[in-house]
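Please read the points below with the model open beside them. They go through strands, sheets, packing and aromatic contacts in turn.

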Amino acid sequence: MAGKRYECDILVIGAGPAGSSAAIAAAKNGLEVIMVEKKREVGSPIQCAEYIPAQLLREIDIEGDFIVQKILGMKTFLPGGEMAIDSSVGFIIKRDEFDQALADRAGELGVDLFLSTRAVQYKFGTVLMERGGEFFEIVPKVIIGADGPKSTVGNWMGSINTHFIHAVGFTMPLTAKKEHTEVYFSKDIPGGYGWLFPKGDHANVGAGVDLKFKVSPIKALRSLVKRLVSAGLIEDKIIKGTAGLIPTGGLIELARGNLLLAGDAAGTVHPITGAGISAAVLSGQMAGEYASLAVKEENMAQLKGYEDELKDYLFDSLSRAFKKKERLESYWQGDEGELAEALKWGWVGFSDYYKRERCEITNG
């Protein structure tokens, strides 16, 4: 059934920010790396609101003209109209070009990239791949799964994400340029929120909902669009659309045997905000470092160190965010004023979110 057979030190499945970051880290350590991506083009189609925090640019080793504009902060709009502003500085990027820049950097370091390639089966240390109807095998020493919320590698491990926000978005023209991202909470968007992220003359407008509330994501988005058009913020013209899953359950099992998970596959996304690019890069870099160590020392037990260290960085904040998300569930179908007050401790745009978190840490 299989044709060619390749051997490598590390196989990275998925060429998003986590996968390319893992490949870069491993290649810098002198390892032979193959990276495979099921899409025909890295980063396309875009499934992201395209915001990154400013500090992320100091953590990555890439060049490219992928920054569209600077963001001065975030405006949060509560049910009832109350608004808060924070000063979280960042950038709106061209996410496809950002992902491509990371993959190009991996290529410069000697990583072999296979596009339009799907991982089919893992058996006896060999991964069966399919590309264009033809099959071939890769025999790696370590496999890093950076293949998204519904990870194939996660299925091989028996470690899968089980909580999701379903998000849809449109790119639409702005009526005037903006310097802040905008987040909208409404009972029409239960379990999540709506957003308007300015991108030059246009905006990424989207909505993410928890399907347990039995509201369709597209219905929630159209409700938000109607609101923003009526307010004169955007033109009623859809340039393009996108949709995707956001894992919101927090970290899952990250290492088993010679398999690792990174990025969305590992549940590194923040359960409240849905932000995930920075954590994807961090987890990918760490996965690549630990995979390199395991290969060089011929000791797969070293991979457990990746899980331990990443959980030291992320577990507490993600698990507390998930608990807050669960506590908010009872407010979505109740009184609008009570929901607005609850969001002051349940959303990162308000100082009470962090005060409550400090209390929880103090109380163990």
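1. In strand β2 (residues 33–36), Val 33 and Met 35 point one way while Ile 34 and Val 36 point the other way, and all are buried, where buried means under 20% relative accessible area, exposed over 50% and partly exposed in between, with a 1.4 Å probe and protein chains only. Strands and helices are DSSP runs numbered from the N terminus, with at least two residues for strands (E) and at least four for helices (H or I). This is a predicted model, in which local features need pLDDT of at least 70 and side-chain atom pairs count only at pLDDT 80 or more, whereas totals for chains, interfaces and linings use all residues. Residues are numbered from 1 along each chain as its sequence is written, and side-chain values use heavy atoms, with hydrogens and water left out.

2. Strand β2 has parallel partners, in the sense that two strands pair if DSSP finds at least two bridges between them. Strand β1 (residues 5–13) is joined to β2 by four bridges, and Leu 11 has Ile 34 in β2 as its bridge partner. Strand β8 (residues 112–114) also runs parallel to β2, through three bridges, with Val 36 standing opposite Phe 114. Together with helix α1 (residues 17–28), β1 and β2 make a right-handed β-α-β unit; right-handed here means that, with the strands pointing away from the viewer, the path from the first strand over the helix to the second runs clockwise.

3. An open sheet of three strands has the order β3-β7-β4, with antiparallel pairing. Its edges are β3 (51–53) and β4 (67–71), each of which has a single partner strand, so one side of each is left without a neighbour in the sheet. The twist averages 30° from one strand to the next, axes being lines fitted to C-alpha atoms (for helices over the stretch in contact) and angles running from 0 to 180 degrees between N-to-C directions. Three bridges connect β3 with strand β7 (residues 90–93), and Tyr 51 stands opposite Ile 92 in β7.

4. Which residues touch the most other members of the largest nonpolar core? Among its 68 residues they are Ile 10, Leu 11, Phe 98, Met 129, Ile 144 and Tyr 306, a core being a set of buried Ala, Val, Leu, Ile, Met, Phe, Trp, Tyr and Cys residues joined through side-chain atoms within 4.5 Å. Helix α5 (residues 277–297) gives the most to this core, with 10 residues. Beyond its neighbours within four places in sequence, Phe 98 is in contact (heavy atoms within 4.5 Å) with Pro 17, Leu 56, Ile 60, Ile 62, Phe 66, Ile 93 and Ile 277. Another core of 26 residues lies apart from it, including Phe 197, Ile 272, Leu 328 and Tyr 353.

5. Rings of Phe, Tyr and Trp (its six-membered ring) pair if their centres lie within 6.5 Å, planes under 30 degrees apart counting as stacked, over 60 as edge-to-face and the rest as tilted; by this rule there are 14 aromatic pairs. The ring centres of Tyr 6 and Phe 136 are 5.6 Å apart with the planes at 80°, so this pair is edge-to-face. Because Tyr 6 lies in strand β1 and Phe 136 in strand β11 (residues 134–145), the pair ties together parts that are 130 residues apart in sequence. Tyr 6 is partly exposed, at a relative accessible area of 24%, whereas Phe 136 is buried at 6%.

6. For Phe 77 and Tyr 184 the ring centres are 4.8 Å apart and the planes are at 5°, so the pair is stacked. Both residues are buried, Phe 77 at 18% relative accessibility and Tyr 184 at 3%. One aromatic cluster is formed by Phe 185, Tyr 193, Trp 195, Trp 332 and Trp 347.
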